[in-house]
Amino acid sequence: MKIDNWIIRPFRPADAPAFAALNKRWIEELFELEESDLRQLEHPQAAILDKGGFIAIADANGWVVGTGAILPAARPPGDGRNWFEVIKMTTDLAAQRSGIGTAIMQRLLDFAREQGADAVWLETNAKLEAATALYRRHGFRILGPDELWTAPYDRCNLQMVLEL
């Protein structure tokens, strides 16, 4: 099923249940929820927005069909650059392959640029092939073993960066 009529808009407090449910679905299906997940999903205002972040919502006539968030990196490498971190990217199964992930990522990167970011970091897992391909299409590269950051998630085995 292709979802054609959707927009990307900022998160609203009423989106919190859908933001949590969409992200919990893929995490619980493939991995385990971790403390960082629960903090961000149960308290998006405090854990993301109040820290200078932004949450993009893909809205199809009131149905939240995708999410993504970006915020100042929690553990930047201390290289003097203004790092942001992409988190909680997901698209509803019924809406995948509709261009939603691309649109969300573009909005997140636009936000990072608006905030003066020099670079963007993210973590993922190699088995999330569609997500990794999306990140590569946006110019992210996989970090080598000597470039890795301290990772907050056990499930992540790939780190990627994009120079802005």
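1. Seven of the seven residues of S2 are buried, so this strand is largely enclosed by the rest of the structure. Buried here means under 20% relative accessible area, exposed means over 50%, and partly exposed lies in between (1.4 Å probe, protein chains only). Strands (E, at least two residues) and helices (H or I, at least four) are DSSP runs, numbered from the N terminus.

2. The model is predicted: local features need pLDDT of at least 70, side-chain atom pairs count only at pLDDT 80 or more, and totals for chains, interfaces and linings use all residues. Residues are numbered from 1 along each chain as its sequence is written, and side-chain values use heavy atoms, with hydrogens and water left out.

3. Which residues of S2 point each way? Phe54, Ala56, Ala58 and Ala60 point one way, Ile55, Ile57 and Asp59 point the other way, and all are buried. In a regular strand the side chains alternate between the two faces of the sheet.

4. S2 (residues 54-60) pairs with S3 (residues 63-72) in the antiparallel sense over seven bridges; two strands count as paired if DSSP finds at least two bridges between them. Phenylalanine 54 has isoleucine 70 of S3 as its bridge partner, and alanine 56 stands opposite glycine 68 in S3. The hairpin of S2 and S3 has two residues between the strands, and asparagine 61 takes a positive phi near 55° there.

5. S1 and S2 run antiparallel and are joined by four bridges. Proline 10 has alanine 56 in S2 as its bridge partner.

6. The open sheet holds seven strands in the order S1-S2-S3-S4-S5-S7-S6, with mixed pairing. Strand S1 (7-10) and strand S6 (141-142) stand at the edges with a single partner strand each, so one side of each has no neighbour in the sheet. Helix H4 (residues 100-114) packs on the sheet and touches S1, S2, S3, strand S4 (83-91), strand S5 (119-124) and strand S7 (158-163), where contact means heavy atoms within 4.5 Å. The direction of H4 makes about 160° with that of S4; axes are lines fitted to C-alpha atoms, for helices over the stretch in contact, and angles run from 0 to 180 degrees between N-to-C directions.

7. The whole structure contains eight salt bridges, each being a side-chain nitrogen of Lys or Arg within 4 Å of a carboxyl oxygen of Asp or Glu. One of them joins lysine 88 and aspartate 37, with the closest N and O atoms 2.8 Å apart. Lysine 88 lies in strand S4 and aspartate 37 in helix H2, so this pair ties together parts that are 51 residues apart in sequence. Are the two residues buried or exposed? Lysine 88 is buried at 6% relative accessible area, and aspartate 37 is buried at 0%.

8. Helix H2 (residues 35-42) also holds arginine 39 and glutamate 35, four residues apart, about one turn of the helix. Their side chains meet in a salt bridge (3.9 Å, N to O). Arginine 39 is partly exposed at 40% relative accessibility, whereas glutamate 35 is exposed at 54%.

9. Glutamate 114 and arginine 107 form a further salt bridge, the closest N and O atoms being 3.6 Å apart. Glutamate 114 is exposed, at 53%, and arginine 107 is partly exposed, at 25%.
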